[in-house]
Amino acid sequence: MREATAAPTGQERMLGEDELIVTKTDLRGVITYANPVFLRMSALTAAEAIGSPHNVIRHPDMPRCVFKLLWDTIGRGDELFAYVVNLARDGAHYWVLAHVTPSFDARGARVGYHSNRRRPDRPAVAAVTGLYARLRAEERRHGRPQEAIEASTRLLERELAEQGRTYDEFFWSLTGAVTA
C-alpha cells in the first residue's frame, strides 16, 4: 500500500473548466483505471497510480467522516456527490466536485467504483471549507481514529439536523442545483 509522501505546499492546482478526472477502483478502493487528467493533477505516473489505494491522494485537511459517509453510501449501492480536496504527490492540492458510484457486472453484482471529478464552484469550496475545518477540529480532539470518525460524524449529523437538511440537500444547496 503506497501512501502520499508529500507535505502540503499550499500550491493550488486548478482543473480546467471542461476537464474531467476519471478513476475506477476495485471493491477495496484500489485504483484500476486513471485517466490522463487524474495523472496530471495528482502528479502520479500510471504505474504509480494503478494498483495504489485511492487514498494515495488524501489531503490531511479532509475530514475522515466524509470518507466514512462516502464508503457507507456507495457500500449500500448508492451514489455520492462531495467536495474533496486532494493532495498531489508533489504537495500541490486541488479541489474537486466528486461523483462516486458503484460499478456492477451483468448479473448486478457490485464489482468496484467509478468516480468522476470536475472543477467545483469557488463559492461552494469556500462554504465547505468552514465545515471541514470544524469536523477536523473535532477529530483532533480524539486520540483513536475510530473515536475521531464517530465524533466528527456526530458533529456533521448535528449540523445537518440544525439546518433541517440531509447531506444531499446540503450538498445541492452549495451547488445551487435543485434536488429531484
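A7 lies in the segment that precedes strand 1 (21-25), strands (E, at least two residues) and helices (H or I, at least four) being DSSP runs numbered from the N terminus. Its relative accessibility is 55%, and A7 therefore counts as exposed, a class that begins over 50%, with buried meaning under 20% and partly exposed the range in between (1.4 Å probe, protein chains only). The C-alpha atoms of A7 and A92 are separated by 8.6 Å, although the two residues are 85 apart along the chain. The model is predicted, so that local features need pLDDT of at least 70 and side-chain atom pairs count only at pLDDT 80 or more, while totals for chains, interfaces and linings use all residues. Residues are numbered from 1 along each chain as its sequence is written, and side-chain values use heavy atoms, with hydrogens and water left out.

Five strands form an open sheet in the order 2-1-5-4-3, with antiparallel pairing; two strands pair if DSSP finds at least two bridges between them. Strand 2 (31-34) and strand 3 (80-87) each have a single partner strand and stand at the edges, so one side of each is left without a neighbour in the sheet. From one strand to the next the twist averages 30°. Strand 1 and strand 2 are joined by three bridges in the antiparallel sense, and T23 has A34 of strand 2 as its bridge partner. The hairpin of these two strands has five residues between them, and G29 takes a positive phi near 90° there.

Helix 6 (residues 167-175) lies across strand 3 and strand 4 and runs at about 65° to strand 3. S42, in helix 1 (residues 36-42), is buried with a relative accessible area of 0%. Apart from neighbours within four places in sequence, S42 is in contact with I57, A88, R89 and Y94.

The axes of helix 4 (residues 122-140) and helix 5 (residues 145-163) come within 8 Å and cross at roughly 145°. This contact involves L131, R134, L135, E138 and E139 of helix 4, and A148, A151, S152, L155, L156 and E159 of helix 5.

Six aromatic pairs are found in the whole structure, rings of Phe, Tyr and Trp (its six-membered ring) being paired if their centres lie within 6.5 Å, and classed as stacked with planes under 30 degrees apart, edge-to-face over 60 and tilted for the rest. The ring centres of F171 and W172 are 4.9 Å apart and the planes stand at 85°, so this pair is edge-to-face. F171 is buried at a relative accessible area of 1%, whereas W172 is partly exposed at 23%. Ring pairs link F81, Y83, F171 and W172 into a cluster.

Charged groups also sit over rings, as defined by NZ of Lys or CZ of Arg within 6 Å of the ring centre and within 35 degrees of the ring normal. The charged end of K24 is placed over the ring of Y33, 5.8 Å from its centre, and that of R58 over the ring of F67, 4.0 Å from its centre.

Key. Contact means heavy atoms within 4.5 Å. Axes are lines fitted to C-alpha atoms, for helices over the stretch in contact, and angles run from 0 to 180 degrees between N-to-C directions.
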